[in-house]
Amino acid sequence: LDWLGRVEIAADRIDDRPSAFSGGMQQRLQIARNLVTGPRLVFMDEPTGGLDVSVQARLLDLLRGLVREMGLSAVIVTHDLAVVRLLADRLMVMQGGHVVEQGLTDQVLDDPQHAYTQLLVSSVLQA
């Protein structure tokens with residue numbers, strides 16, 4: 001029940017099957033399932049994939065708060081640079097399975113050195 005509250009799901013839904021929840025609520029259920037054991041490191045693959053923008057914003061706020069509150073380390077795999085900027089202190093940009101640039105997130109995104117990173121950042125700004 002404590003974890004349902006932490007991920008903003010009403011306690012009276014405890015017996016509901018996961019398929020009865022919306023996509024955003026299913027994401028939050030999965031977060032609770034993974035964090036209830038008190039891990040020190042979590043791996044998130046496209047944590048906001050397939051969610052609409054308003055649901056993404058709430059989920060990102062929730063994740064940021066839980067990571068801070070629990071002192072978690074998180075590895076986040078995403079193509080969404082807005083998610084990276086919001087959640088990551090450090091960033092690795094990969095192309096073809098190889099790291100082409102890495103460093104502090106704001107530094108890499110504000111002044112990309114590698115051509116591929118420059119392309120990624122410029123495509124977000126133009127979109």
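Analyst: What follows is a discussion of the predicted model shown above.

User: How confident is the predictor in the protein on average?

Analyst: The mean pLDDT of the protein is 88, and 97% of the residues score at least 70.

User: Which elements have the lowest and the highest mean pLDDT?

Analyst: Helix H6, residues 115–126, has the lowest mean value among the elements, at 83. Strand S4, residues 98–104, has the highest, at 97.

User: How many helices and strands are there, and in what order do the elements run?

Analyst: The protein has six helices and four strands. Starting at the N terminus, the order is α-α-β-α-β-α-β-β-α-α.

User: What box do the C-alpha atoms fill?

Analyst: Along the principal axes, the C-alpha atoms fill a box of roughly 50 × 30 × 25 Å. Of the 127 residues in the protein, 31% count as buried.

User: Turning to the surface, which residues form the nonpolar patch?

Analyst: The patch consists of Leu41, Phe43, Val75 and Val77, which together have about 380 Å² of accessible area. Strand S1 (41–45) and strand S2 (73–77) are the elements that give two or more residues to this patch.

User: Staying with strand S1, is Phe43 buried or exposed?

Analyst: Phe43, which lies in strand S1, counts as exposed because its relative accessibility is 57%, and the cut-off for exposed is over 50%.

User: And Val42, buried or exposed?

Analyst: Val42 also lies in strand S1. Val42 is buried because its relative accessible area is 10%, and buried means under 20%.

User: How far is Val42 from Gln102?

Analyst: Their C-alpha atoms are separated by 20 Å, and Val42 and Gln102 are 60 residues apart along the chain.

User: A change of topic: what is the volume of the largest pocket?

Analyst: The largest pocket has a volume of about 910 Å³. It is lined by 32 residues, and those closest to its centre are Ile76, Val84, Arg90, Leu91 and Met92.

User: Which elements supply at least two residues of that lining?

Analyst: They are helix H3 (53–70), strand S2, helix H4 (81–87), strand S3 (90–95), strand S4 and helix H6.

User: Which of them gives the most?

Analyst: Helix H4 gives the most to the lining of the largest pocket, with six residues.

Terms used. Residues are numbered from 1 along each chain as its sequence is written. This is a predicted model: local features need pLDDT of at least 70, side-chain atom pairs count only at pLDDT 80 or more; totals for chains, interfaces and linings use all residues. Side-chain values use heavy atoms; hydrogens and water are left out. pLDDT is the predictor's confidence in each residue, from 0 to 100. Patches are made of residues with over 30% relative accessible area and no salt bridge: like charges are joined within 9 Å, nonpolar side chains (Val, Leu, Ile, Met, Phe, Trp, Tyr) within 5 Å. Accessible areas come from the Shrake-Rupley method with a 1.4 Å probe; for residues, only the protein chains shown count as cover. A salt bridge is a side-chain nitrogen of Lys or Arg within 4 Å of a carboxyl oxygen of Asp or Glu. Buried means under 20% relative accessible area, exposed over 50%, partly exposed in between (1.4 Å probe, protein chains only). On a 1 Å grid over the protein atoms alone, a cavity is a set of points where a 1.4 Å probe fits but cannot get out, and a pocket is an open set with protein on both sides within 12 Å along at least five of seven lines; lining residues have an atom within 4 Å of a point. Grid points are joined across faces, edges and corners, and a volume is the space filled by probe spheres set on the points.
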